Amino acid sequence: MAAEGNAKPAKKLSLKENYALLTRGLGWEPSYEKQEEIFRNVSFEGVKIHDWDKWEDPFRLTMDAYWKYQGEKERKLYAIVDAFQQNNGQFNVTDARYIAALKVFINGITELEYLSHRGFNMLAREFPGVGPRIAAQMQSLDELRHATTQIHTISQYAKYFTGMNEFPYQFDRVWYLSIPKSFFEDAVTSGPFEFIVAISFAFEYVLTNLAFMPWMSGAAFNGDMATVSFGFSAQSDEARHMTLGIEVIKFLLEQDPANVPLVQKWIDKWFWRGYRLLSLLATMMDYMLPKRVMAWNEAWEIYYEQNGGALFADLARYGIKPPKRAPETIAEKGHVAHQMWSVFYANRDAVGFQMWLPSEEEMAWMSEKYPDTFDQYYRPRYEYWKAQEAAGTPFKNTTLPQLCQVCQWPCLFTEAGDPTTLSLRETEYQGQTFHMCSDGCKDIFDDTPEKYVHAWLPVHQIYQGNCFLPGVDPTAPDFNPMYEALRYMGIKPGVDNGDFKGSADATNWEKWTSRPANIHEGAYTDAVRDTASPADTAARKAG
Ligand code: FE
Ligand code: ZN
């Protein structure tokens with residue numbers, strides 16, 4: 001008999017035991033520092049927590065398992081990205097207009113991943129409970145991974161198309177990118193409980209499918225396998241993020257009834273802010289995808305009205321009501337995409353991607369999808385603008401729009417139920433007048449005006465003369481304010497902006513792929529190919 005039989009190998013811990021040791025073991029009682037000195041931000045919002053151990057984390061992921069899973073996903077993703085690059089996959093998309101969606105993504109969305117990384121890092125430090133701290137730390141790492149994989153994937157497109165290689169610079173300066181920027185900076189500068197309700201619940205749990213499904217199926221429908229791949233790689237983290245979102249809501253509501261009104265206020269605020277942010281997607285779905293997946297109003301019906309309806313019915317037992325301004329979002333669903341596209345078109349010289357008017361086929365699709373609104377309100381406008389283009393007198397806005405003090409969209413929306421009247425709200429605060437786009441934004445401003453009075457509104461800053469590069473002289477005789485403001489924003493005038501037709505992206509696409517840059521407008525012709533050398537394009541831009 002062998003003697004070594006006496007020493008049993010150490011019992012391998014189950015995932016659950018491992019997780020309990022990992023988390024509960026971190027929650028020691030401090031001996032020489034007061035608890036409230038260590039966790040300074042956890043009390044000022046007024047949330048009452050009696051027992052952090054009641055926090056349930058259904059994933060119970062340990063750090064070694066986390067790194068293993070994520071490492072496997074990275075290896076798969078980068079193998080696909082490699083193959084995509086070697087096969088020039090950027091030319092397999094439907095047409096060159098599709099790239100506009102990627103421009104909005106890299107310039108306006110990827111930075112949100114990074115801000116989210118920072119926000120969850122702060123939560124991982126600020127929560128006294130170990131369960132949520134572990135979950136927040138993992139999400140923080142996820143978000144950093146999302147930002148980097150998106151940058152790596154889209155970099156291939158940036159080598160061939162305009163408007164994508166100044167993304168961190170543009171994010172801090174471009175007027176419409178202040179919409180996502182201000183959204184996330186509002187969240188990151190909130191207390192830890194407001195942040196987690198805003199991002200994990202209102203954004204990730206209630207609204208994220210609305211962002212993910214159309215974007216990823218849009219990419220798949222339009223042949224963009226690179227975006228599909230980073231999307232799915234991120235989406236597998238999303239299940240954990242959404243669970244965190246619903247978990248935090250139930251935890252807060254079950255800990256103390258005094259938390260209910262606070263949670264309700266944050267749901268109302270962040271649902272509205274998230275909705276205003278995500279309606280940027282409406283233009284992507286209805287206008288930028290050459291092959292459409294579904295219309296914005298259909299997506300809103302499925303992902304908010306049906307799914308959100310079921311969710312809020314479930315939360316009613318805690319005394320939680322559906323978001324206060326949900327009825328406005330339903331009333332607007334037939335309008336927002338068309339109103340936003342009109343504003344981008346009219347201001348296309350100040351936008352970092354190129355614009356076009358929808359083709360006859362596309363307008364027929366919109367008439368079918370929006371039977372109550374498109375033919376009555378928006379088709380006549382597009383037909384008028386098309387006639388003006390044909391006559392050689394295209395319509396352009398020569399002034400910049402008034403921005404909402406809260407969401408920072410131009411005040412372009414109309415009154416719910418009255419689509420020919422612009423929706424404008426005002427609040428007097430300390431002798432000044434502040435402007436809002438809607439009741440939803442006015443609610444938010446009026447609740448905490450101090451947080452919004454100093455908002456850096458790009459259009460207002462341009463008009464105050466604060467948006468020129470060093471050395472630019474606004475009193476010089478040849479000073480061109482629009483040109484200089486674009487340079488300040490990181491938009492190359494005459495290259496990144498303006499009309500899609502005749503743009504560098506459109507002419508290069510036809511030259512490089514022998515396929516039409518706009519599948520709905522005129523077939524590719526030899527004449528186009530023969531004249532579209534980069535030098536010709538540059539000359540046309542200059543002249
Ligand atoms: Fe993310
Ligand atoms: Zn607003």
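Trainee: How many nonpolar, polar and charged residues does the lining of the second largest cavity have?

Mentor: Keep in mind that this is a predicted model. The second largest cavity holds about 130 Å³ of space. Of the 14 residues that line it, Asp57, Phe59, Ala135, Arg240 and Leu244 are the closest to its centre. By class, the lining splits into 7 nonpolar, 3 polar and 4 charged residues.

Trainee: And which helix gives the most to the lining of the second largest cavity?

Mentor: The elements that give two or more residues to that lining are α5 and α9. With 5 residues, the top contributor is α9.

Trainee: Which helix gives the most to the lining of the largest cavity?

Mentor: There are 30 lining residues here, and the closest to the centre are Ile109, Glu113, Phe203, Thr208 and Ala211. By class, the lining has 19 nonpolar, 7 polar and 4 charged residues. At least two residues each come from α4, α5, α8 (192-221), α9 (225-255), α10 (259-278) and α11. The one that gives the most, with 8 residues, is α8.

Trainee: Is Glu113 buried or exposed?

Mentor: Here we need the cut-off, since buried means under 20% relative accessible area. Glu143 has 3%, so Glu143 is buried. Glu113 has 15%, so Glu113 also counts as buried.

Trainee: On to the zinc ion (ligand 2): what is the geometry of its site?

Mentor: Its protein donors are Cys404 (SG), Cys407 (SG), Cys437 (SG) and Cys441 (SG), lying 2.3 Å from the ion. Along the chain they follow the spacing C-x2-C-x29-C-x3-C. The angles among the 4 donor atoms run from 107 to 116 degrees, and the site is tetrahedral.

Trainee: Why does the pair Cys407 and Cys437 tie together parts that are apart in sequence, and how many residues apart are they?

Mentor: Look at where each one sits: Cys407 is in the loop between α16 (374-390) and β1 (414-415), while Cys437 is in the loop between β4 (432-436) and α17 (439-447). At 3% relative accessibility Cys407 counts as buried, and at 0% so does Cys437. Because the two cysteines lie in those separate loops, the pair ties together parts whose separation in sequence is 30 residues.

Trainee: Last one, about α16: what covers its buried residues?

Mentor: The buried residues of α16 are Phe374, Tyr378, Arg379, Tyr382, Trp385 and Gln388. Just after α16, Gly392 takes a positive phi of about 80 degrees. As for the cover over those buried residues, it includes α11 (280-288), α14 (336-346) and α15 (360-369).

Key: Residues numbered from 1 in each chain as written. Chains lettered and ligands numbered in written order. Predicted model: local features only at pLDDT ≥ 70, side-chain atom pairs only at ≥ 80, totals over all residues. Heavy atoms only, no water. Donors = N, O, S within 2.8 Å, 3.2 Å for Na, K, Ca; no water. Tetrahedral: all angles 85-135°; square planar, octahedral: opposite > 155°, others 65-115°. Helix = DSSP H or I, 4+ residues; strand = E, 2+ residues; numbered from the N terminus. Buried < 20%, exposed > 50% of the residue type's maximum accessible area, 1.4 Å probe, protein only. Contact = heavy atoms within 4.5 Å. 1 Å grid on protein atoms, 1.4 Å probe; cavity = no way out; pocket = protein on both sides within 12 Å on 5 of 7 lines; lining within 4 Å. Nonpolar A, V, L, I, M, F, W, Y, C, P; charged D, E, K, R; others polar. Points joined across faces, edges and corners; volume = space filled by probe spheres on them.
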